[in-house]
Amino acid sequence: MSDLDPSNKKAGGKQEPKDYTIELPMFDLAEALKLVTEVHEKALETAPMAEVAKGCGYAGPSSTSFYRRIVAARLFGLLSLQGAALTKQSLDYLKPDTEHAKDKALNGSIQAIPAYVELLQNHQGKRINLDIVGNGFMRRFALTKPAASVCARVFANSIKTAGFLGSDGTITTMAAAAATNETNGDKVTPPVKPRNESESEPTGSHGFTLILDPKKNRKIFVQAPPSVTEAELKRIQAWLGYQLLVVPEGNGTTDETGEQKTP
């Protein structure tokens, strides 16, 4: 099928815009989760792909709809690169064995795609604009406008499933913090805002600033009581893990000198 054909260049070497891609999901995270759930429930993890396709209701493995769902599931880190074996991330979602395993699996699926991570980094706190996202995909991945638009909608739906998109369409890094706090029976606490030096601290609390780089360009400010219990410290660490967008080294993050690193 056309998705498997790598030759897509003009005579002059310039790449022709494609109406498909295997570098970005063309089906969203919810559809990928639906697929891996069906594979697991029907015990198709070790079956040949022809049987997997038929077991999931498709004519065969070359079916465009089936193939692109498989590609999406692999890009999200839910299926192995060969066959239909489920990854640990899939099992953490389907059969979580710790309190936050399911939320971490969803976050991990989004962070498995570098282009998604970059978009989340660059648009934190901003309303998502599908036209801009689509234009970026169209230029970066040499896609036709319709294909790029599909990928943009898939991006929006996927980050919504993972908790990175607010109800007002704003991209956030809260990602599962609400679910975590509700599970613990607590109210969701909004992120701490940077405090002006002129502002007074609440009675019984202290402000702490952690400088992340020698040039003091990146800081974290925490307002907290002077002491916490070990159990509270573990909750704080878990909460920060969900509150902050944690990316692998080299994915456009800064190094120990404070300089920007490029992928």
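V228 sits in the loop that links β2 (219-224) to α10 (230-243); helices (H or I, at least four residues) and strands (E, at least two) are DSSP runs numbered from the N terminus. This is a predicted model, where local features need pLDDT of at least 70, side-chain atom pairs count only at pLDDT 80 or more, and totals for chains, interfaces and linings use all residues. Residues are numbered from 1 along each chain as its sequence is written, and side-chain values use heavy atoms, with hydrogens and water left out.

V228 has 39% relative accessibility, so it counts as partly exposed (buried is under 20% relative accessible area, exposed over 50%, partly exposed in between, with a 1.4 Å probe and protein chains only).

## The core

Turn to the inside: the largest nonpolar core has 47 residues, and F76, I110, Y116 and F137 touch the most other members. Such a core is a set of buried Ala, Val, Leu, Ile, Met, Phe, Trp, Tyr and Cys residues joined through side-chain atoms within 4.5 Å. Elements giving two or more residues include α1, α5 (101-111) and α7 (130-140), while α8 gives the most, with 8.

Beyond its neighbours within four places in sequence, Y116 is in contact (heavy atoms within 4.5 Å) with residues including F76, I110, F137 and C151.

T21 belongs to the segment before α1 (29-41). With 3% relative accessibility, T21 counts as buried. Setting aside neighbours within four places in sequence, T21 is in contact with M26, L143 and C151.
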